[in-house]
Amino acid sequence: MKKSKFLPILSLLAIISLASCSNKRSDTPRVLVFSKTAAFYHSSIPVGVKALQSLGLKNGFGVDTTTSSNYFQEDSLKKYAAIIFLNTTGDLLSGNEEIALERYIQSGGGYVGIHAASDAEYDWTWYGNMVGAYFESHPAQQDANIIVNDTTHLATKGIPSTWRRFDEWYNFKKINPDIKVLLSIDEQSYQGGKNGAKHPMSWYHDFDGGRAFYTELGHTDESYADPIYLKHILGGIKYAMGDNTGNYKKAHSVFAPEESHFTKTSLIKGTFFEPTELTILPNLDVLVAQRRGEIYLYNNESKKLKQAGFLNVYWKTEKPGVNAEEGLMGIKVDPDFDKNHFVYVFYSPKDTSVNRLSRFTFEKDSIDLKTEKVILQFYSQRDICCHTGGSIAFDANKNLYVSAGDNTTPFDEAGQKYVTRGYAPLDDRPGHEQYDERRSSGNTNDLRGKILRIKVKADGTYEIPEGNLFPKGTDKARPEIYVMGNRNPYRISVDQKNGNLYWGEVGPDSDVDSLDSRGPHGYDEVNQARKAGFFGWPFFIGNNYPYHAYDYATGKSGPAFDPAKPINNSRNNTGLTELPPAQPAFIWYPYGVSPEFPSVGTGSRTAMAGPVYYSDLYPSSTRYPSYYDGKFFFYEWMRGFIKAVSMNDKGDFVRMEPFMGHTKFNAAIDIEVGPDGRFYVLEYGTGWFSKNEDAGLVRIDYKK
């Protein structure tokens, strides 16, 4: 029998057809309507859901609905041709729920965002890029002219070229330049537009392997009865659904390890009295500093604790109504500890009004006090409160970093008519020096309110590394300064591969903006310095929000400070008058909900910087998964969380996610990575200035 030359071609077509069928998400296309709100609730959501269900019924696709983020699992999402975010607001998804959505889009899935879908997930850069922009503000609801920019797309075919309609009109920020605009709004036709002549209102784009469509329209109930509007969103849904196929082999985002693989292992509990910082020896023994002067040694083999040293420190004032925060504040072993047995300590000696960085030798499980080498020290005003800093870290080049607080009283001065009220303390009147931040944090000739960087030599002296903020010999500036403009940089860390410096900045207390007279309300900051710089305090906070000059004698406010050209004209300033340009914070958040970083929650705040993790630096038997490579960990003493922050190759923020989010930590005050690649967490405990039963040392173990 003669073989047909068409058989191989037919066979190939059959294989292609079968492969295509195997990637079908479902026999009948289905969409998932997600309408969770974690912030403002739109009353039009129920009518919007009904309208979408009706569109599905009339146009041959199924519609499922949910308000639960628990639905965002790979097995659930993969059956949908598109996912519709209907007026969702706030922090919607967490951890692996976010990764599930990323993988869904990467597999070829489709996304539809309606109206407030852009008012969500501000601390997840991928989401913002997918939606195409973030909500910034809106004026009152009103009529406006919508302009059709693309008449060929499914979402705009047949729509009048100028479409007059009533709705709530968003102004946008962080607009993705890759979006393809379908509709724009004529800002001359209404009041309150802020995006200019090319103010987008609806768009689409191919994104990360999938498709994304967004329309700003859809705030009002009436929208979902408008035939033109329904035609518009139907076209967007059809575009997003594509051919109803998906291929998860193309998905590249990786799920985080489940929390059940991590264990919080208690090493010591109920013994410590105000522990401050820990450091881990090469043999996995741990030294723990206590504010009142004790240094303890945890023996990794015997599992026992002993006192290894004691420094006579200033930790308590006799002045009524003042809580001293000084004492023994920081401790760190030398990078070459195996060879030299050096330990560095930052403390406040009782007999001298200074904060001091010293080096000791550790021999036979004890700190040898006779070996002390005073490396540097600087004046610190006493019998006042607050802010000490005191954290010590090394980079991969063995440069030493030490943080110093501003040594300034943030509280209102008794008996004064005009006071700080939780804003920046700027009182430079004679006799009120402790209420003037500009004498310390804003002073280039003072080491308080700074993070210092030095290279310690074998004899205990030091030299200045290249790249500090002020070159050696600069008039009225200290060369030790790497970062200035700090309030209370309580915990610091250095990326061991790229040298980026991180610190948590404990911020001021005001919870009310006074933008026209005093300045912004308080924020805590998590900061990143890729190079030396001025980070704003006391002239700016957060995203360079400016404070105003203020006359404490008359109560009159002056102009807001300029972040491009900060001027320190305090009579207590002994340094340069013009400061370097201010650098904005990496992460910032207030007592209340953070619009930019909502997943940090609300409440009291004390930001702390932990390590940047790299699994290849540690033994395979005990290290954490490579999923965490390059992620920066920060934590909250008061709010009790640990977050892992993903960054791009430049170090820019991408997203944050909880680490052991269901595990309780008792006021973590220090987190360090041991030579075994595991986190060691020092818990201060839940009571202030006291010995707490829940204070302790824990290790985070990972089991595959």
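Are F262 and Y628 buried or exposed? Both are buried. The views below come from a predicted model.

**View 1. F262 and Y628 form an edge-to-face aromatic pair.** F262 sits in strand β12 (residues 262-269). Y628 sits in the loop between β35 (607-612) and β36 (632-636). The pair therefore ties together parts that are 366 residues apart in sequence. Both residues also belong to one aromatic cluster, whose members include Y613, Y618, Y624, Y627 and F633. F659, F679 and Y702 are also among its members. Across the whole structure, a search finds 56 aromatic pairs.

**View 2. Y502 and F632 form a stacked aromatic pair.** Here the centres are 4.2 Å apart, with 20° between the planes. Y502 lies in strand β27 (residues 501-505), and F632 lies in strand β36. The pair links distant parts of the chain, 130 residues apart. Y502 has a relative accessible area of 0%, so Y502 is buried. F632 is also at 0% relative accessibility and therefore counts as buried.

**View 3. Four strands make an open antiparallel sheet.** The order is β17-β18-β19-β20. The edges are β17 (328-333) and β20 (366-379). Each edge strand pairs on one side only. On average, neighbouring strands are turned by 20° against each other, direction ignored. Strand β17 is joined to β18 (residues 342-347) by 5 bridges, and the two run antiparallel. Within this pairing, G330 stands opposite F346 in β18.

**View 4. Helix α6 is mostly covered.** The helix spans residues 227-241, 15 residues in total. From its first C-alpha to its last, α6 reaches 21 Å, close to the 21 Å expected at 1.5 Å a residue. Of its 15 residues, 11 are buried. Among them are Y229, L230, H232, I233 and L234. Y239, A240 and M241 are buried as well. D226 caps the N-terminal end of the helix. A side-chain oxygen of D226 lies 3.0 Å from the backbone nitrogen of I228. Just after α6, G242 takes a positive phi of about 60°.

**View 5. C385 and C386 form a disulfide.** The structure holds 1 disulfide. The sulfur atoms of C385 and C386 are 1.6 Å apart. The torsion about their S-S bond is about 85°, so the disulfide is right-handed. Both cysteines, C385 and C386, are buried.

Conventions. Residues are numbered from 1 along each chain as its sequence is written. This is a predicted model: local features need pLDDT of at least 70, side-chain atom pairs count only at pLDDT 80 or more; totals for chains, interfaces and linings use all residues. Side-chain values use heavy atoms; hydrogens and water are left out. Two strands pair if DSSP finds at least two bridges between them. Axes are lines fitted to C-alpha atoms, for helices over the stretch in contact, and angles run from 0 to 180 degrees between N-to-C directions. A disulfide is a pair of cysteine sulfur atoms within 2.5 Å. Buried means under 20% relative accessible area, exposed over 50%, partly exposed in between (1.4 Å probe, protein chains only). The expected span of a helix is 1.5 Å times one less than its number of residues. A polar contact is a pair of N or O atoms within 3.5 Å; within protein, one must be able to donate a hydrogen and the other to accept it, and residues adjacent in sequence count only if both atoms are side-chain atoms. Rings of Phe, Tyr and Trp (its six-membered ring) pair if their centres lie within 6.5 Å; planes under 30 degrees apart count as stacked, over 60 as edge-to-face and the rest as tilted.
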